Structure formats: C-alpha cells, structure tokens
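Try each task before reading its solution.

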Amino acid sequence: MPTTDLSNSELYYWLRLSFEPAIGPAQTRALLAHFGLPPDIYSQPVGMLSKLLPSNLAAQLKASPSAEIEAHIQQALKWSTTEPNHIITLADPDYPQALLESHDPPLLIYAKGNKHLLNVPSFAIVGARSATQAGNENAYAFAKHLTELGWSIISGLASGIDAAAHAGSLDAANPHASTVAVLGTGLDIIYPARNRDLAHRIAQHGLLISEFPLGTRALHYHFPQRNRIVAGLAAGVLVVEAALKSGSLITARQALDIGREVFAIPGSIHSPLARGCHQLIRQGAKLVESAEHIQEEIAHKNPSLSQYAMPVKPRTPAPALPSAQQQILEVMGFDPISPETIQQRTNMDLATLATHLLELELAGNIALSQSGHYQRITAD
C-alpha cells in the first residue's frame with residue numbers, strides 16, 4: 001500500500017519541483033509561500049511565475065519535464081508504494097517539526113523504516129570515522145543509555161563513531177525510541193558499503209532518511225548538506241572524537257547556529273582525535289563524562305520524555321584483577337603508551353608483561369592500536 005497520505009498526483013508535483021534544474025531551495029520556498037502547494041505552482045500562468053523567477057525558469061515550469069526527470073519521478077513514485085518506504089513532504093503531518101524550525105529544511109525526505117521516529121525527541125551523536133576503540137565504546141554506551149531514557153539517536157551512518165552510535169541505540173531496550181540514520185546518498189545506495197548490514201538493521205528497527213533522490217551516489221559536497229539535517233533533527237549534538245578539521249565540527253557549528261545544545265567528550269591532550277572536542281569545549285560546548293550530564297541539561301526541555309524513560313539497570317562491578325594487572329593499568333593512565341614504557345614503569349620482565357597485556361586485552365580492559373601502543377579503555 002502507498003506509504004504517503006498524498007495522492008499520486010500531488011506527490012508527482014512535489015517530486016517534479018524537487019527535480020527542477022536551476023531552481024534553488026530559496027526560490028522553491030518563495031514559490032510555495034506565494035502560490036501554495038506544488039500543483040498550485042504548476043497551474044500558474046508564466047506571467048505570474050515570472051514575478052518570482054527569471055523568465056526562462058518560469059517557462060521551464062510550464063513546459064513538460066524532460067524524459068530523464070519524468071523517469072526519476074516515476075521511479076520515486078513506484079518506490080514509495082513499497083513498505084516500509086515513504087516520501088515525506090513539507091506539507092506532510094509526519095514531517096519532523098524540529099527540521100521545520102531549521103534554516104533550510106529539505107523540500108521532501110525519502111524515508112525507509114519507522115517514520116514516526118522523526119517526531120520522537122532526538123539527540124545526535126557524531127565523531128571521527130577513524131575512531132579509537134575507546135571512542136567507539138563511548139559512542140555505543142552513550143547512545144544505548146540515551147535511547148533507554150527515551151531519546152532517538154541521530155547520526156550519519158559513517159564508519160567509526162556514527163556506526164557505533166547507531167548500534168548502541170539499536171541494542172537499547174526501549175520500544176518508543178531507536179535510531180535515525182541520515183544518508184548523504186540515495187536510500188538505494190549505502191555508503192560506506194561496509195555498513196550495509198547495519199543499514200538493514202536500522203531499516204527494520206529504526207529509520208533511514210535522505211533528501212537525495214534514489215540513485216544519488218556519495219559525493220563529498222553532499223555530506224555537509226547531510227550534516228545540517230543531523231543538526232536540525234536533534235535537540236542537541238554530542239561530539240565523541242574529532243580532529244580539528246572534521247565534518248563533526250561542521251555539524252556542531254550548524255547545531256549552534258540554530259540554537260541546539262552542543263556537548264563534547266574530552267580526551268588525551270596527546271590525541272589528534274581529541275583536539276576537535278577540546279576546541280569545541282573552549283568555544284562553549286558542554287564537557288560531558290556521562291549520559292546523565294546530557295539528560296540533566298536538556299531533558300527539562302522535552303517533558304514528553306517522562307512517559308518513555310526506563311529505569312537504568314545498575315552497573316555490575318567488574319571482577320577484581322590480579323594485583324600485577326591492576327598495577328599495569330595504574331601505570332598506563334589513559335593515554336596511549338608503548339609496551340617499553342609500561343615495562344620501565346613496572347619493572348616486569350618482558351615475558352611476564354606480555355602475558356598480562358594479552359590477558360588484559362582479551363578481557364577488554366586495554367586495546368592495542370595499529371601503532372603498537374596500548375590504551376586503557378575501562379576505569380576498572
């Protein structure tokens with residue numbers, strides 16, 4: 001059955017307007033504000049259209065669409081009639097209210113999954129693609145906890161922090177909230193390809209969305225556009241790890257521009273992936289160490305959360321470690337450290353140290369990076 005409240009005729013004109021070449025978002029919004037819905041725009045004489053558009057573009061709206069545009073429209077119409085696909089327009093009651101309040105809401109949204117998540121209180125988690133294991137674990141844990149408190153988690157389906165945040169939200173036990181992935185491609189193209197299984201899970205239990213038509217491939221300038229939707233949908237944005245030149249910082253700035261809260265997790269002063277977060281904190285982002293910090297800051301702005309919030313299970317204490325392994329964790333601190341430095345600080349012989357490091361790694365207390373350095377990833 002069709003998954004839109006619009007008739008095919010109405011949706012046809014919304015789609016046609018979205019495909020019109022050389023007519024930008026500002027002109028499209030001006031046409032809608034002046035004439036009403038897309039069928040009303042296309043019914044105007046050239047003279048009326050020319051009051052808002054150059055004469056060549058006014059004439060374009062009165063001519064038949066090209067064969068290529070007509071094919072795109074028919075493809076989208078057919079796609080929208082298959083569950084769980086939706087095309088949500090600015091006039092649709094399911095269009096996210098938060099996005100309507102942003103500077104540049106897309107004319108329409110292609111969606112696959114539970115479209116009602118677009119109007120659940122949402123929080124964005126973003127960060128580095130080449131994240132550390134600790135960063136991925138933080139993103140997963142924050143997303144899972146916030147989802148259990150009633151937030152849907154917004155991110156961009158990129159590798160690293162985005163993927164970990166989506167996974168954490170999907171693994172949370174809350175029937176009212178899940179995760180929304182905003183793509184920089186058409187919904188029929190998953191980028192990066194390694195996230196296809198994750199995208200399939202999101203389509204089943206969350207929501208995939210894009211403003212880009214079917215068949216749109218990954219182009220570098222699409223991702224800043226994608227990021228404005230991530231920022232626009234969310235009540236706040238958490239940056240987990242980010243370099244100084246990072247798309248995550250673009251999302252944070254876009255969020256600040258539209259009055260959203262921005263949070264950042266601090267990291268080691270020696271880590272390039274912490275510098276973007278530290279810059280945000282210097283510029284006024286709120287430093288957070290737990291999901292409760294975020295909840296305290298912005299939950300009062302979303303009273304509807306109280307009906308969804310679920311009790312948080314108490315954390316089970318980690319089993320006590322052998323004294324030698326506890327000593328290793330203490331001398332490591334939380335910065336990346338070489339095995340040679342650990343050996344110098346503990347005075348253990350290399351064979352004994354290697355055994356303990358392997359056991360700590362298998363237990364999930366430390367991680368070995370590609371550079372050969374170890375990093376502590378739990379506080380226990």
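Ala, Val, Leu, Ile, Met, Phe, Trp, Tyr, Cys and Pro count here as nonpolar; Asp, Glu, Lys and Arg count as charged; the others, Gly among them, count as polar. Keep in mind that this is a predicted model.

**Exercise 1.** Describe the second largest pocket and sort its lining by class.

Solution. 
- Start with volume: the second largest pocket has about 470 Å³.
- Next, find the lining. It has 21 residues, and Ser18, Pro25, Pro106, Leu107 and Glu211 lie nearest the centre.
- Trace the elements. Two or more lining residues come from each of helix H1 (8–19), helix H2 (25–35), strand E2 (108–113) and helix H11 (222–233).
- H2 gives the largest share, four residues.
- Now sort the lining: twelve residues are nonpolar, four polar and five charged.

**Exercise 2.** Is serine 155 buried or exposed? Work out its surroundings.

Solution. 
- Check accessibility. The relative accessible area of serine 155 is 0%, so the residue is buried.
- Follow the side chain of serine 155 to the backbone oxygen of isoleucine 125, at 2.6 Å.
- Look beyond neighbours within four places in sequence. The contacts of serine 155 there include Val126, Asp162, His166 and Val230.

**Exercise 3.** Which residues of helix H15 are buried, and what do they pack against?

Solution. 
- In H15 (residues 323–332), pick out Ala324, Gln325, Ile328, Leu329, Val331 and Met332 as buried.
- Their packing partners are helix H16 (339–346), helix H17 (350–362), strand E10 (366–368) and strand E11 (374–376).
- Step just past H15: glycine 333 has a positive phi of about 65°.

Note on methods
Residues numbered from 1 in each chain as written. Predicted model: local features only at pLDDT ≥ 70, side-chain atom pairs only at ≥ 80, totals over all residues. Heavy atoms only, no water. Buried < 20%, exposed > 50% of the residue type's maximum accessible area, 1.4 Å probe, protein only. Polar contact = N/O pair within 3.5 Å; in protein donor to acceptor, adjacent residues only side chain to side chain. Contact = heavy atoms within 4.5 Å. 1 Å grid on protein atoms, 1.4 Å probe; cavity = no way out; pocket = protein on both sides within 12 Å on 5 of 7 lines; lining within 4 Å. Points joined across faces, edges and corners; volume = space filled by probe spheres on them.
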